[in-house]
Amino acid sequence: MVSRTLLAFCLISSTLSSIIMVKDSSGGRPTLPDSCLRTCAGSTGAGLRRGWTVRHRSTMEVTVDMSECGFVDTPVVTTSLAGNGFHDFLQGTSAPWEITKTGFRLVVENSGIFNPSLNRVHYYKWHVNWIAVGYVCEV
């Protein structure tokens with residue numbers, strides 16, 4: 001479902017004449033021109049343990065690298081956690097932390113059903129899908 005949504009978003013974005021940033025990541029009015037905006041998207045890869053770490057028994061995190069997007073400032077980031085099971089029982093799946101122009105962290109934790117683990121990341125093919133919109137040039 002997320003892949004179809006991402007595809008639809010990309011198709012719609014490519015057919016529009018421009019992208020407009022109404023509020024930037026700080027909630028203020030953007031100071032750079034809309035012609036400098038870029039939409040960049042990616043995934044951590046289904047079931048790949050790379051980048052995931054266990055913080056403690058009920059919490060895990062993954063660091064997402066967006067450096068190839070070429071942002072010059074902090075972009076607006078939307079995330080989701082996809083997989084083949086039990087990812088919908090975790091909290092924090094759409095709440096990225098420490099967003100910078102080159103990446104962010106996603107921290108997920110137990111919602112009372114079970115504790116996340118590296119084995120579950122692999123077995124259930126959990127992965128973070130993300131879309132970022134930000135500036136790639138400065139005036």
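R105 is buried, with a relative accessible area of 15%; buried means under 20% relative accessible area, exposed over 50%, and partly exposed in between, using a 1.4 Å probe and protein chains only. The structure is a predicted model, in which local features need pLDDT of at least 70 and side-chain atom pairs count only at pLDDT 80 or more, while totals for chains, interfaces and linings use all residues. Residues are numbered from 1 along each chain as its sequence is written, and side-chain values use heavy atoms, with hydrogens and water left out.

## Salt bridges

Side chains of opposite charge can pair when their charged atoms come close. A salt bridge is counted here when a side-chain nitrogen of Lys or Arg lies within 4 Å of a carboxyl oxygen of Asp or Glu. The whole structure contains three salt bridges by this search. They are listed below.

| Salt bridge | Closest N and O atoms |
|---|---|
| E61 and R55 | 3.1 Å |
| R105 and E98 | 2.9 Å |

Helices (H or I, at least four residues) and strands (E, at least two) are DSSP runs, numbered from the N terminus. R55, E61, E98 and R105 are linked in a network of salt bridges.

R55 is partly exposed at 43%, and E98 is exposed at 56%.

## The chain as a whole

The secondary structure consists of two helices and eight strands. Along the sequence they follow the pattern α-β-β-β-β-β-β-β-α-β. Of the 139 residues in the chain, 35% are buried.

A contact means heavy atoms within 4.5 Å. Taking contacts between residues at least 6 apart in sequence, 73% join residues at least 24 apart. The accessible surface of the chain is about 8,300 Å², and 54% of this surface belongs to carbon and sulfur atoms. Accessible areas come from the Shrake-Rupley method with a 1.4 Å probe, and for residues only the protein chains shown count as cover.

## Strand β8 and its partners

Strand β8 is mostly covered, with eight of its nine residues buried. Two strands pair if DSSP finds at least two bridges between them. Strand β1 (residues 37-43) runs antiparallel to β8, and seven bridges join the two. Strand β4 is also antiparallel to β8 and is joined to β8 by seven bridges.

Which residue of β8 is the bridge partner of S43? The partner is N129. N129 is also the bridge partner of S80.

In a regular strand the side chains alternate between the two faces of the sheet.

## Nonpolar cores

A nonpolar core is a set of buried Ala, Val, Leu, Ile, Met, Phe, Trp, Tyr and Cys residues joined through side-chain atoms within 4.5 Å. The largest core has 21 residues, and those with the most contacts inside it are W52, M66, L81, V108, W126, V128 and W130. At least two residues of this core come from each of β3 (59-65), β4 (76-82), β7 (103-110) and β8 (127-135). A second, separate core has six residues, including M21, C36, L37 and V133.

M66 shows what such a residue touches. Apart from its neighbours within four places in sequence, M66 is in contact with P75, V77, T100, K101, T102, G103, F104, W130 and A132.

## Aromatic pairs

Rings of Phe, Tyr and Trp (its six-membered ring) pair if their centres lie within 6.5 Å; planes under 30 degrees apart count as stacked, over 60 as edge-to-face and the rest as tilted. There are three aromatic pairs by this rule. The rings of F104 and W130 have centres 6.4 Å apart and planes at 80°, so this pair is edge-to-face. F104 lies in strand β7 and W130 in strand β8, so the pair ties together parts that are 26 residues apart in sequence. Both F104 and W130 are buried.

Y124 and W126 form a stacked pair, with 6.3 Å from centre to centre and 20° between the planes. Y124 counts as buried at 18% relative accessibility, and W126 is buried with a relative accessible area of 0%. Ring pairs also link Y123, Y124 and W126 into a cluster.
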